[in-house]
Amino acid sequence: MDPKFLVLALLGVFCLTQAQLEENECIKANAKSCGACIQVGEKCGWCTDPDFLKQGESTSARCDEVDSLIKRSCAKVSIENPRGSLQITGNKNVTNRNKDSQKLKPDEITQIQPQKLKLNLRSGEAQKFTLKFKRAEDYPIDLYYLMDLSWSMKDDLENVKNLGTDLRREMQSITSDFRIGFGSFVEKTVMPYISTTPAKLLNPCSTDQNCTSPFSYKNVLPLTAKGEQFNTLVSKQQISGNLDSPEGGFDAIMQVAVCGDKIGWRNVTRLLVFSTDAGFHFAGDGKLGGIVLPNDGKCHLENDMYTMSHYYDYPSIAHLVQKLSENNIQTIFAVTNEFQPVYKELQNLIPKSAVGTLSSNSSNVIKLIIDAYNALSSEVILENSKLPEGVSISYISHCKNGVSKTGEDGRKCSNISIGDEVTFDVAITSKGCPATGKSETVKIKMQGFTEEVEVQLSFICECECHDAGTPDSPECSSGNGTFECGACRCNDGRIGQKCECSTDEVRTEDLDANCRMGNSTDICSNNGDCVCGTCECKKRENPEERYSGKHCECDNFNCDRSNNKLCGGHGRCECRVCYCDANYTGSACDCSLDTSTCLAKNKQICNGRGTCECGVCKCTDPKFQGATCEVCPTCPGVCTEHKECVQCRAFATGEKKETCELECMYFQLEMVKSRDDLPQPGAEPFISHCKERDANDCWFYYTYAVKNDSTKVVHVVEVAECPDGPDIIPIVAGVVAGIVLIGLALLLIWKLLTIIHDRREFAKFEKEKMNAKWDTQENPIYKSPINKFQNPSYGRKGGAL
């Protein structure tokens with residue numbers, strides 16, 4: 001076998017075993033009671049039939065998948081398999097209204113449906129329900145503006161003074177019920193954050209600037225519908241100052257979140273606008289000022305001033321996230337461009353928050369708030385309170401345009417406009433029962449909204465038959481246990497199917513002797529435990545594999561295998577012996593009694609050349625091979641085998657001409673006039689077309705066919721095709737013509753080479769002739785008798801005196 005195939009096969013068996021193990025967790029749990037069984041998983045059931053268990057099976061064998069229990073002959077009426085339930089107790093419809101509708105109070109507006117549910121959870125079984133959310137039109141809004149009043153924000157304060165009326169006017173397009181508040185912050189009033197000299201405590205700015213004393217956080221104006229009052233109070237505010245660049249904004253945010261009564265928050269949309277041009281201090285920075293106590297997350301406003309800034313450290317980001325989420329506050333960070341990256345990172349940590357770029361003088365603050373609010377309100381995010389131990393929750397969102405999401409994205413829907421309706425499929429699952437076993441409450445809400453869904457959880461921890469149990473029942477060894485759900489639940493210190501044994505007696509020699517088979521020294525064949533003199537067989541990881549028998553000596557998985565399958569996949573294993581299905585035999589049920597796989601094309605078993613054993617042909621003649629003994633590599637072909645007999649009977653020629661009547665009468669001969677008259681493929685069941693050559697180099701054609709009744713028929717073309725003799729005259733003429741042409745070609749080549757040679761010689765002569773020089777002027781020893789001289793004064797203008 002190919003090693004790769006073997007590895008893949010083993011992996012397949014391993015994966016199958018793992019899959020079976022995961023699917024049937026009921027047996028693996030080894031549950032001893034019905035209550036413990038149903039907590040394992042939703043597929044687990046408990047058989048209450050007192051006579052269900054077979055010899056050697058432990059009480060935990062009553063716990064199995066329902067289908068498996070039925071296969072093991074447990075009646076449906078005897079199976080405990082309780083199911084969970086869901087009840088909606090508060091289901092007020094979402095509000096359909098607009099600005100022109102009747103004015104409603106905030107608590108009269110419903111945006112999420114249903115509001116209350118009761119779930120009865122069975123372990124492993126998910127209870128599912130659908131939440132509907134519709135963003136109401138004209139929903140009230142509370143906005144609290146928290147501003148940094150350090151010196152660098154001086155020009156920003158001027159633009160915020162008219163924010164109340166201007167923002168209210170802009171918000172009219174969103175809601176008719178709008179309230180606004182104002183608060184400010186600077187820094188903790190201790191060194192090194194501010195200067196604590198008396199003069200600087202009065203005026204932290206330079207002497208020519210009039211600044212107010214430093215403070216940590218001040219609630220200037222609780223939330224109000226009077227925008228003019230906002231303008232009046234803000235116009236009276238003065239800038240302060242501090243020493244370091246980061247500010248104490250986190251202290252202020254914490255007080256705004258937890259001091260709901262003093263801020264005036266309603267159960268409506270809550271917006272906190274945090275405006276600054278600097279960074280922030282967070283938990284741990286207080287050590288610089290000698291402050292080591294962690295922030296307690298409680299309200300400490302007295303006369304609208306935060307009084308414990310010198311006592312408690314700055315809150316951590318996680319602490320702020322918790323308090324903002326608990327109080328349904330959505331945060332808008334209005335910061336300058338320089339600190340955009342810092343607050344963008346902070347936005348990733350704080351749910352339902354947004355960051356906007358504040359101009360250098362806060363002139364764009366209204367547009368920033370409107371844009372941020374639209375961005376926040378257009379996204380819906382579900383969140384839930386802390387879940388009890390073992391309880392999980394999942395969401396599937398169905399958003400606009402038919403978009404559905406799962407996983408973490410299943411909590412969200414984006415681009416939700418006023419009046420849009422979205423739904424969420426919620427599934428709550430419990431694994432087992434909580435330690436308390438009592439009812440628990442889980443709350444689900446939309447981030448940034450005060451409305452919530454209250455889900456009351458109760459748990460199915462026992463079977464119905466548990467209540468009908470008989471304590472100290474005579475069925476359980478004279479009252480040593482409670483007889484419930486068809487089995488004994490033993491009292492402390494007692495074990496055994498009938499609680500018949502004390503734990504102190506389990507391993508005594510007298511009891512162990514009853515668990516040994518014959519003279520063997522093995523207790524329960526090493527496949528079980530001896531409990532009160534009775535073998536309780538071990539369980540296998542694969543729930544389909546079981547030990548059985550009085551001494552656990554039998555099993556259903558150690559039988560012979562074929563093709564890596566138990567009993568070849570054609571039988572059942574009982575006590576290590578294969579009981580084969582019909583038409584199969586052998587120790588591994590791997591021998592098929594079906595002979596159809598041995599039938600050849602001629603409908604004969606193994607072509608008459610072998611026997612059919614276990615569905616496979618065993619060829620009696622070693623020359624033949626193949627699935628039906630049809631292949632003979634060393635045998636001549638059909639055409640070659642019958643050539644001599646066909647030749648002698650059709651043409652009275654060939655090697656068997658003398659013995660033709662003795663050796664070649666095994667077939668029926670039919671003569672045809674031409675090859676076109678030969679039988680074509682399909683005319684006979686098994687036919688071969690042959691073309692053979694005789695001693696005279698003549699080709700003769702025939703077919704050899706075997707009919708269904710095994711009759712052999714040969715059709716032969718009457719006339720053999722013999723080649724014609726050669727034509728001498730064309731051959732001789734061709735040879736003579738070839739010789740003449742070759743001679744002429746050689747003469748032409750010789751003549752051409754001669755002409756080329758002569759022309760080269762003549763050209764060489766002409767070149768040498770041109771190179772000959774006879775002029776005496778060129779003679780190197782000849783000297784001319786004529787001398788020439790130049791008068792030096794010739795050509796001058798005027799002669800010398």
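I started with cavities: on a 1 Å grid over the protein atoms alone, a cavity is a set of points where a 1.4 Å probe fits but cannot get out, and lining residues have an atom within 4 Å of a point. Grid points are joined across faces, edges and corners, and a volume is the space filled by probe spheres set on the points.

Some ground rules for my notes. This is a predicted model, where local features need pLDDT of at least 70 and side-chain atom pairs count only at pLDDT 80 or more, while totals for chains, interfaces and linings use all residues. Residues are numbered from 1 along each chain as its sequence is written, and side-chain values use heavy atoms, with hydrogens and water left out.

**Entry: cavities**

I found five cavities of 30 Å³ or more. I picked the second largest cavity, which holds about 110 Å³ of space. Its lining has 13 residues, and R135, Y139, T269, Y373 and S377 lie nearest the centre. Helix α13 (residues 365–377) gives the most to this lining, with three residues; helices here are DSSP runs of H or I with at least four residues, strands are E runs of at least two, and both are numbered from the N terminus. By class, I noted seven nonpolar, four polar and two charged residues in the lining. In that sorting, Ala, Val, Leu, Ile, Met, Phe, Trp, Tyr, Cys and Pro count as nonpolar, Asp, Glu, Lys and Arg as charged, and the others, Gly among them, as polar.

**Entry: backbone**

Most residues other than glycine have a negative phi, and most peptide bonds are trans. I looked up the exceptions here.

- Q113 and P114 are joined by a cis peptide bond with omega about -5 degrees, and P114 sits in the loop between β5 (112–113) and β6 (116–121).
- M191 and P192 are also joined by a cis peptide bond, with omega about 5 degrees; P192 belongs to the loop between β9 (178–185) and α7 (198–202).
- D138 has a positive phi, near 60 degrees, and lies in the loop between β7 (127–134) and β8 (141–148).
- S525 has a positive phi of about 55 degrees, in the loop between α14 (509–513) and β27 (528–531).

The cut-offs are under 20% relative accessible area for buried, over 50% for exposed and in between for partly exposed (1.4 Å probe, protein chains only).

**Entry: one more residue**

I ended with I728, which is found in helix α17 (residues 728–771). I728 counts as exposed because its relative accessibility is 53%.

Conventions: 1 Å grid on protein atoms, 1.4 Å probe; cavity = no way out; pocket = protein on both sides within 12 Å on 5 of 7 lines; lining within 4 Å.
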